[in-house]
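This report goes through one protein chain, feature by feature. Please keep the sequence and the structure at hand while reading.

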Amino acid sequence: MSKSTWKRAGVALTAAALVTGLAGCNDGDAKAGGKSGGASPVQALTAAFEKTTAAKAAKVKMTMSIEGVGAESGTMEMNGVQGWDPAVMDYTMTGSMLSAGDPDAPEQMRILMLDNVMYMDMGEKQAAEMDGKRWMKLDMKAAAAESGDKALQKQMTGGLDNMNQDPAQQLALLLDSPDLKHVGAEKVNGMETQHYKGTLTFEQMLKANESSKVLSKEDHQKLVESVKKTGLKGYDTEVWVNEDGYPARMDVSMEMAEGSVQIRADYSDYGTKAAVQAPPASETVDLFKMLQDVGGAGAEG
């Protein structure tokens, strides 16, 4: 497999993790309904949380822009459907990050996720290199289980939970913001909405993240120190709730010493059917097994 193909797979995984998990980095057990009293922003977002949870799926258009952070600065768009009961997604990715500097890269890439397994359509060139198999499969739970490391298994599972975050969980996280406020009425995609915003520090986000609890005290401190070096202060989160009580838009922004990350998600068609099917096994390459084979060959050499 070519180096550029590996690079595109890495970019796709990074983008998918960011747009589906970073904005909702809590553990999936948030009880937003427990904050039903108090100021009107809390009441409004609690009601939106409950309606969104019940909807189970929605159509999504996400845009991510990275500036000055690492080698993959650029833009990425993801359009498709996301479900959260059960957790599935079917996105088509486009944008400058996808090419990864490769002129032969596909103009778009489809990403599927179901049963905690991700599938990436790597395009016709990939298929030509891999006996007609254009889909790359990544089962992180299987990889963790194979390692025999219980802590790693918990971390992998927590990472998958984060990637499966839905707009309801993002609302639950925003409800934990100490400075949550109502900005005002605004029009979004032709809809009348109410705009809310709040900020959480990295430490607050980490505390809410269930997968971080398996870290030792030393590793936890190293993680905090590493993030502090990036200059990241916190996560600014905004949501626009439409007249039906659903999030029409969510924004997450992160400012660091070397650059910034901006993520925007526009939601519609709540309650839509999220029927995601895995690609045929005959068209799929198992990334984990491939890495095992490469490692085995290296050990024999």
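## Salt bridges

A salt bridge is counted here when a side-chain nitrogen of Lys or Arg lies within 4 Å of a carboxyl oxygen of Asp or Glu. Under that rule, a search of the whole structure gives 6 salt bridges. The structure is a predicted model.

In one of them, the side chains of Arg-110 and Asp-90 meet at 2.7 Å, N to O. Arg-110 belongs to strand 4 (residues 109-114) and Asp-90 to strand 3 (residues 87-94), so the bridge ties together parts of the chain that are 20 residues apart in sequence. Arg-110 is partly exposed, at 36% relative accessible area, whereas Asp-90 is buried, at 16%.

Another bridge joins the side chains of Arg-264 and Asp-251, with an N to O distance of 2.7 Å. Here Arg-264 comes from strand 11 (residues 259-268) and Asp-251 from strand 10 (residues 247-256), so the pair ties together parts that are 13 residues apart in sequence. Arg-264 is partly exposed, with 33% relative accessibility, and Asp-251 is buried, with 12%. A further bridge is formed by the side chains of Glu-192 and Lys-187, at 3.7 Å, N to O. Glu-192 is partly exposed, with a relative accessibility of 39%, while Lys-187 is exposed, with 59%.

## Nonpolar cores

The largest nonpolar core holds 54 residues, and the members that touch the most others in it are Leu-45, Val-239, Met-254 and Tyr-267. Another core, of 7 residues, lies apart from it; Leu-112, Leu-114, Val-117 and Val-276 are among its members.

How many residues of helix 7 are buried? The count is 8 of the 8, so the helix is largely enclosed by the rest of the structure. The buried residues are Pro-167, Ala-168, Gln-169, Gln-170, Leu-171, Ala-172, Leu-173 and Leu-174.

Leu-175 sits in the loop between helix 7 (167-174) and strand 7 (181-188). Leu-175 is buried as well, because its relative accessible area of 5% is under the 20% limit. The C-alpha atoms of Leu-175 and Thr-199 are 10.0 Å apart in space, and the two residues are 24 apart in sequence.

## A negative patch on the surface

On the surface, Glu-67, Asp-179, Asp-236 and Glu-255 gather in a patch of negative charge. Of these, Glu-67 is part of strand 1 (residues 57-67). Glu-67 counts as partly exposed because its relative accessibility is 49%, and a residue is called exposed when the value is over 50%.

## Backbone features

Most residues other than glycine have a negative phi, and most peptide bonds are trans. The places below depart from that pattern.

The peptide bond from Asp-85 to Pro-86 is cis, and its omega is near 10 degrees. Pro-86 is located in the loop between strand 2 (74-84) and strand 3.

Two asparagines have a positive phi. For Asn-116, phi is near 60 degrees. Asn-116 is found in the loop between strand 4 and strand 5 (117-121) and is partly exposed, at 22% relative accessibility. For Asn-189, phi is near 50 degrees, also a positive value in a residue other than glycine. Asn-189 lies in the loop between strand 7 and strand 8 (191-201) and counts as exposed, at 52% relative accessibility.

Which loop holds Thr-272? Thr-272 is placed in the loop between strand 11 and strand 12 (284-286), and with a relative accessible area of 22% this residue is partly exposed. Thr-272 and Val-81 are 191 residues apart along the chain, yet their C-alpha atoms are separated by 8.2 Å.

Key. Residues numbered from 1 in each chain as written. Predicted model: local features only at pLDDT ≥ 70, side-chain atom pairs only at ≥ 80, totals over all residues. Heavy atoms only, no water. Core = buried A, V, L, I, M, F, W, Y, C linked by side-chain atoms within 4.5 Å. Buried < 20%, exposed > 50% of the residue type's maximum accessible area, 1.4 Å probe, protein only. Patch = residues over 30% accessible without salt bridge, like charges linked within 9 Å, V, L, I, M, F, W, Y side chains within 5 Å. Areas by Shrake-Rupley, 256 points an atom, 1.4 Å probe, with all protein chains shown as cover. Lys, Arg positive; Asp, Glu negative; His and termini not counted. Charge placed at Lys NZ, Arg CZ, Asp CG, Glu CD. Helix = DSSP H or I, 4+ residues; strand = E, 2+ residues; numbered from the N terminus.
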